[in-house]
Amino acid sequence: MERLSSKALRDVMIAKCFGVTDLASRAGLTPVIVSKLLKSDSTCRLPTLSKLAKALQVDATKLLVNSN
């Protein structure tokens with residue numbers, strides 16, 4: 001499990017003009033999952049992190065706590 005930074009995720013979403021539903025659709029996740037990840041730093045499985053990074057077209061490390 002990796003520690004996802006909610007701030008980093010939010011910042012990239014804003015930069016890419018993605019809403020929760022947009023990201024969920026592109027990443028193959030539910031909007032509920034994306035919303036939960038945005039609420040606070042949390043652990044997530046590597047496949048979920050990979051889906052988010054691919055959908056946002058960023059390196060997965062950009063979404064991790066203390067990786068910015």
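Let's start at one spot: S42 touches E2, R3, L4 and L37, leaving out residues up to four places away in sequence. Touching, or contact, here means heavy atoms within 4.5 Å. Keep in mind that this is a predicted model, where local features need pLDDT of at least 70 and side-chain atom pairs count only at pLDDT 80 or more, while totals for chains, interfaces and linings use all residues. Residues are numbered from 1 along each chain as its sequence is written, and side-chain values use heavy atoms, with hydrogens and water left out.

So where does S42 sit? It belongs to strand β2, residues 42-44. Strands (E, at least two residues) and helices (H or I, at least four) are DSSP runs, numbered from the N terminus. S42 counts as buried because its relative accessible area is 17%, and buried means under 20%, exposed over 50%, and partly exposed in between (1.4 Å probe, protein chains only).

Now compare that with another serine, S50, found in helix α4, residues 46-56. S50 has a relative accessible area of 42%, so it is partly exposed. Its C-alpha atom is separated by 8.8 Å from that of A27, although S50 and A27 are 23 residues apart along the chain.

A27 brings us to helix α2, which covers residues 20-27 and packs with helix α3, residues 31-39. Two packed helices are described by the angle between their axes and the distance between the axes. For α2 and α3, the angle is about 120° and the axes are 8 Å apart. Axes are lines fitted to C-alpha atoms, for helices over the stretch in contact, and angles run from 0 to 180 degrees between N-to-C directions. Who meets whom? On the α2 side there are V20, L23 and A24, and on the α3 side P31, V34, S35 and L38. By class, this contact has 6 nonpolar residues, 1 polar and no charged ones. (Ala, Val, Leu, Ile, Met, Phe, Trp, Tyr, Cys and Pro count as nonpolar, Asp, Glu, Lys and Arg as charged, and the others, Gly among them, as polar.)

Time to zoom out. The protein has 4 helices and 2 strands, running β-α-α-α-β-α from the N terminus on. Its C-alpha trace spans about 25 × 20 × 20 Å along the principal axes. Of the 68 residues, 37% count as buried. And among contacts between residues at least 6 apart in sequence, 66% join residues at least 24 apart.
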